[in-house]
Every structure is written in C-alpha cells, then in structure tokens.
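User: I am new to this structure and would like to understand how its parts pack together. Could we go through it one question at a time?

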Amino acid sequence: AAGSSVSLATVLHYFGSKEGLYDACVDAMYAELDQMRDAIFATFRPGATVELLLDEAVVAAARFVRQHRQANRMLLRTILDEGGMRPERRDRYLGAFLDDVAGGLAAVVGMAPAQVKIRLQSLVHLMVRYSLHPSAELKMITGATTEAEAIAVVDRHLLEVARALFRPGRNA
C-alpha cells in the first residue's frame, strides 16, 4: 500500500487481503502472457511454408517471452509455490492457448492437435527457461561474447528444436 501511495484500507476494500492483491497481480500476469497467442497468430499467413511459419512463429514467441520476463518469473514462482496451476487459470489460459495454437498449427504440420500440444508446450518451456537466464549465464551457455549474440544463438537453437519437433511426417 505504501509503495503505491494508497492506504491499506483501499487495498483491503478492493482486494480483501494481501493474498487477494497477490492473486490479482498473478491474474494480471496471466492476462499479459495470454497475448503471446496474438504474437504467434500474427505470423500465420496463407500459403506460407511450414518452415517459414515455424521460423516466424518461434522468433515472435521467443521475443515475446523475453519481453515479459518478469511476468514469467512471477508465474513460475506461483506455480512452484502452489504445486501447479490453479484449475481455473489452467483452463482459461494454458488450455485455451494450447487449443488455439495447436488447432491452427495441426493442419499445417500434418499432426493431430494432441501431438502439437505437447510439442508446443515443450518449446514454450524452453523459451521461458532461456528467457530467465541472466545475460552472463546466456553468454556462458552459448559461448557468445555479447548478450545480443547469445540471444541470436538461443533463437537459432529454438528454431532447430521447433523444426525437429514439427518436422512434416513426424507423427510419433
């Protein structure tokens, strides 16, 4: 309350408790990250090859995840503290994201939506984890000398992983 220049009574009035305020912050972070779907769908164009679609979608998603590091950090902390996502958040955000993106990608890559979902979730986990590395760790992991170079190496790696995961004809 003091950090926001409002009274404790105001916080309690609107959120009921400190936990209510925290939950509102977590919900705001989920809503922020829910916009990643838009960043991915912006890359979907009729007639694009699978490779081009994957390349553009992965670059857009990786950029989005890096730009929202703090939200990712807060949500991962909440998931670890609570032992998983709350069912209402899981359905509203994760389930909807996976259903939407897998539905759009499944026909393009020639896989069932369930096959796309698990691959997509694996790729998102990699993106989020790489986004949380401080610059020094990224440079150490990649052998790069600058943060920009390290990010470029990670992005190329994510593209390689995506191409392998979504290789046409790979149905296992």
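User: How are α2 and α5 placed, parallel or oblique to each other?

Analyst: This is a predicted model, in which local features need pLDDT of at least 70 and side-chain atom pairs count only at pLDDT 80 or more, whereas totals for chains, interfaces and linings use all residues. Residues are numbered from 1 along each chain as its sequence is written, and side-chain values use heavy atoms, with hydrogens and water left out. The axes (lines fitted to C-alpha atoms, for helices over the stretch in contact, with angles from 0 to 180 degrees between N-to-C directions) of helix α2 (residues 18-33) and α5 come within 9 Å and cross at roughly 125 degrees. Because angles under 35 degrees count as roughly parallel, over 145 as roughly antiparallel, 65 to 115 as roughly perpendicular and the rest as oblique, α2 and α5 are oblique.

User: By class, how many residues of the contact of α2 with α5 are charged?

Analyst: In this contact (heavy atoms within 4.5 Å), α2 brings Tyr22, Cys25, Val26, Met29, Tyr30, Glu32 and Leu33 up against Ala71, Asn72, Met74, Leu75, Thr78 and Ile79 of α5. For the classes, Ala, Val, Leu, Ile, Met, Phe, Trp, Tyr, Cys and Pro count as nonpolar, Asp, Glu, Lys and Arg as charged, and the others, Gly among them, as polar. The residues of the contact then divide into ten that are nonpolar, two that are polar and, as for charged residues, one.

User: Is His68 buried or exposed?

Analyst: His68 is in the loop between α4 (50-67) and α5 (69-82), and, leaving aside residues up to four places away in sequence, it touches Glu32 and Leu33. Buried means under 20% relative accessible area and exposed over 50%, with partly exposed in between (1.4 Å probe, protein chains only). Because the relative accessibility of His68 is 14%, His68 counts as buried.

User: How many helices are there in the protein chain?

Analyst: Helices (H or I, at least four residues) and strands (E, at least two) are DSSP runs, numbered from the N terminus. Along the sequence the pattern is α-α-α-α-α-α-α-α-α, and the C-alpha atoms fill a box of roughly 60 × 40 × 30 Å along the principal axes. The protein chain has zero strands, and its number of helices is nine.

User: In which crossing, left-handed or right-handed, does α4 pass α7?

Analyst: The axes of α4 and α7 come within 9 Å and cross at roughly 40 degrees, so that the two helices are oblique to each other. Val58, Ala61, Ala62, Val65 and Arg66 of α4 make the contact with Leu123, Met127, Val128 and Ser131 of α7. Met127, not counting residues up to four places away in sequence, touches Val58, Ala61, Ala62, Val65 and also Leu158. A crossing is left-handed if the near helix is turned anticlockwise from the far one by less than a right angle, and right-handed if clockwise, and the crossing in which α4 passes α7 is right-handed.

User: What is the relative accessible area of Phe41?

Analyst: Phe41 lies in helix α3 and, not counting residues up to four places away in sequence, touches Asp100, Val101 and Gly104. Phe41 and Met29 are twelve residues apart in sequence, while their C-alpha atoms are 20 Å apart in space. Phe41 is partly exposed because its relative accessible area is 30%.
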